[in-house]
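Here is a short report to read alongside the structure. Keep the 3D view open as you go.

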Amino acid sequence: MPEAKQVDLGPVFAEGGVLARDVPGFRHRPQQLEFANAVLEAIEQGGVLIAEAGTGTGKTFAYLVPALLAGGRVIISTGTKTLQDQLYHRDLPRIRAALGIPLDTALLKGRANYVCLHHLEQAAQQGTFGAREEVSHIHKIRSFAARTVTGDRGECADVPETSGAWAQATSTRENCLGSGCRHYQECFVMKARKRAAEADVIVVNHHLFFADVALRDDGAADLLPAANTVIFDEAHHLPDLARLFFGESLSTAQLVELARDVRIAEAQHARESTELGDAADKVDRAARDLRLALGNAAGRTALAAIRDRKAFDAALDALALPLEALIEKLHAQEERAEEIRNCRVRAGDALARIAEWREADARPREENAYGEPTGSDVVRWIEAYPHSAVLYVTPLDVARIFRAQMDEAERAWIFTSATLSVNGDFSHYQKEMGLIEARTHSWPSPFDFERQALLYVPEGLPDPNSEGYAEAVIDAAWPVVRASGGHAFLLFTSLRAMDRGHERLAARLRSEGLDWPLLLQGTGSKNELLERFRRSPHAVLVGSQSFWEGVDVKGEQLSVVVIDRLPFNPPDDPVLAACIERINRAGGNAFMDYQLPRAVITLKQGAGRLIRDESDRGTLMICDPRLVDKPYGKRIWRALPPFRRTRALADVEAFFASAPVSARAR
């Protein structure tokens with residue numbers, strides 16, 4: 001730990017203090033100073049702090065100021081790249097300038113965010129693209145690569161983030177050639193990592209933290225050991241991400257990509273023979289056959305739910321044979337080029353994953369309903385897409401694994417978010433993350449929610465699992481949307497319900513002759529839809545998971561947030577189902593101890609879209625009757641901000657009728 005400094009944060013956050021003088025719009029908030037002092041104490045003592053701060057508390061400044069003033073090396077990890085960019089490009093420079101501290105800062109993203117000169121060159125030479133416009137996109141990426149300093153694809157505005165060209169112009173952990181690449185000295189990823197290794201403050205995101213730091217990817221292994229303080233913003237994402245990255249996976253799409261890379265390597269370095277390409281073709285076909293063996297499976301699927309398990313097992317065995325043959329042929333040729341050696345390593349890793357999967361199948365055991373041995377600490381499951389599938393082995397208990405990462409050296413760990421507790425109780429999060437001994441604290445939002453907002457739970461809605469529920473939600477929500485003149489988010493818990501709700505709402509608008517902009521998630525990028533929403537009078541946005549969090553629309557443009565139902569995860573999700581069985585088997589109550597807290601945290605995120613500023617006002621409409629009818633409903637709504645509550649539509653209409661003239665002059 002760094003040598004303790006005498007740091008007084010009061011003059012920094014005070015009215016007329018350092019931040020008030022140098023940061024436009026800064027306001028003194030007692031909660032913010034308390035939060036900052038708690039962070040400072042954790043840093044000075046090398047402790048663990050879990051800090052929940054309501055919207056408007058100013059948590060970013062509250063952890064940045066003490067982290068920078070305390071000295072030592074700081075890693076800040078965010079849940080989204082949007083917040084990562086905001087921290088690095090806006091908040092950090094403001095704080096550093098206000099405090100007058102000459103610190104070196106670095107922004108580090110996962111390798112898929114940087115142009116790969118090797119794969120870009122290969123793509124331009126091969127000229128095999130999935131769509132005609134990708135040819136133009138590759139040329140634009142080449143032009144960008146020639147002039148950029150960072151290689152960050154987010155700075156390449158000419159090429160859509162959804163373009164398939166990016167997959168060919170970037171690298172993955174599997175196909176990166178590392179120091180064997182002839183572009184290694186100019187590699188944008190390596191340059192970014194070198195800058196990060198020399199910086200005092202490094203801003204990463206959770207995906208990168210787990211993939212490159214916790215899992216010790218080459219080139220980033222020195223980041224965590226050298227850090228004195230690690231801060232996780234948007235820390236509510238961590239349990240699910242930890243499960244993903246501490247587990248293992250095998251994708252048929254990766255194997256198809258491997259086969260493609262083998263063929264390219266043969267054409268470049270072993271063109272006198274076709275044996276590598278022939279062997280790669282067999283792997284390609286076997287990988288596609290594995291997906292076909294899953295039949296009409298879609299989405300996250302438990303092993304026990306696979307309709308023809310024998311056919312799937314046979315297809316998995318049939319994939320191992322051509323992989324073995326390919327490895328043998330690659331091994332004989334790998335001295336010719338680094339590309340061939342890389343393909344051999346990737347094929348070997350895939351074969352090992354298949355062997356581990358089949359060994360698990362062969363062990364004598366008593367299975368539970370999800371195809372895993374009773375008492376198992378992992379769950380195996382499959383995610384099926386239209387043309388590919390991913391085989392997962394996911395740990396159920398990440399607390400022990402994550403705790404081992406934390407115990408390697410003494411440093412401060414800060415976990416913060418607007419949504420980590422249920423009514424101030426952090427036990428659910430602490431158990432999931434192995435943070436039982438951590439200090440916890442919750443600071444409420446400084447906003448006057450009772451004056452600014454209304455919580456409306458309509459009467460008469462059917463059971464959320466009944467047919468036609470999405471349409472009933474729109475019928476109940478329409479008078480509210482009409483009273484607010486649009487300016488609404490309608491958030492659904494599933495894509496199917498979202499589409500049905502959008503269709504019903506479009507019909508409503510047509511029937512009343514209203515030409516209001518109706519935006520639907522998936523019809524454009526998230527940022528594009530948000531920008532259209534912000535600048536369009538009367539706009540209504542219908543969305544699902546993408547718009548539940550990380551969305552900030554201040555002012556009267558967003559006056560209504562409608563949530564269709566309580567966001568309980570589907571009980572047939574294989575990971576959730578295995579966690580539930582594990583908790584119940586140990587004598588716990590999975591619904592109250594696990595499912596309900598997770599739903600509350602998600603609901604708080606959705607509700608948090610409504611009031612983003614001291615002058616905002618609006619209505620949060622939760623359509624699920626269980627919020628009122630079920631015994632656990634009180635626990636849920638008490639965890640929400642203290643809005644005025646009503647079940648009467650007339651109260652909502654009166655609320656909007658009493659809005660200031662500027663808000664009603666639509």
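## The chain as a whole

This is a predicted model. The chain holds 27 helices and 18 strands. Its radius of gyration is 27 Å, close to the 26 Å that the globule rule gives for 666 residues, so the chain is as compact as a globular protein of that length. Along the principal axes, the C-alpha atoms fill a box of roughly 80 × 60 × 55 Å.

Buried residues make up 54% of the 666 residues. Of the contacts with a separation of 6 or more, 76% are between residues 24 or more positions apart. The chain exposes about 28900 Å², and carbon and sulfur atoms supply 49% of that area.

## A seven-stranded sheet

Now have a look at the open sheet, where seven parallel strands follow the order β3-β4-β2-β5-β10-β1-β11. At its edges stand β3 (105-107) and β11 (439-443); each has a single partner strand, so one side of each is left without a neighbour in the sheet. On average, neighbouring strands are turned by 15 degrees against each other, direction ignored.

Within this sheet, β1 (residues 48-53) and β10 (residues 412-417) run parallel and are joined by five bridges. Ala-51, for instance, has Thr-416 in β10 as its bridge partner.

Finally, find Thr-394 in strand β9 (residues 389-395). Is Thr-394 buried or exposed? Its relative accessibility is 5%, and buried means under 20%, so Thr-394 counts as buried.

The side chain of Thr-394 makes a polar contact of 2.8 Å with the side chain of Trp-381. Leaving aside residues up to four places away in sequence, Thr-394 touches Arg-243, Asp-377, Val-378, Val-379, Trp-381 and Val-575.

Notes
Residues are numbered from 1 along each chain as its sequence is written. This is a predicted model: local features need pLDDT of at least 70, side-chain atom pairs count only at pLDDT 80 or more; totals for chains, interfaces and linings use all residues. Side-chain values use heavy atoms; hydrogens and water are left out. Two strands pair if DSSP finds at least two bridges between them. Helices (H or I, at least four residues) and strands (E, at least two) are DSSP runs, numbered from the N terminus. Axes are lines fitted to C-alpha atoms, for helices over the stretch in contact, and angles run from 0 to 180 degrees between N-to-C directions. Buried means under 20% relative accessible area, exposed over 50%, partly exposed in between (1.4 Å probe, protein chains only). A polar contact is a pair of N or O atoms within 3.5 Å; within protein, one must be able to donate a hydrogen and the other to accept it, and residues adjacent in sequence count only if both atoms are side-chain atoms. Contact means heavy atoms within 4.5 Å. The radius of gyration is taken over C-alpha atoms; the globule rule is 2.2 Å times the number of residues to the power 0.38. Accessible areas come from the Shrake-Rupley method with a 1.4 Å probe; for residues, only the protein chains shown count as cover.
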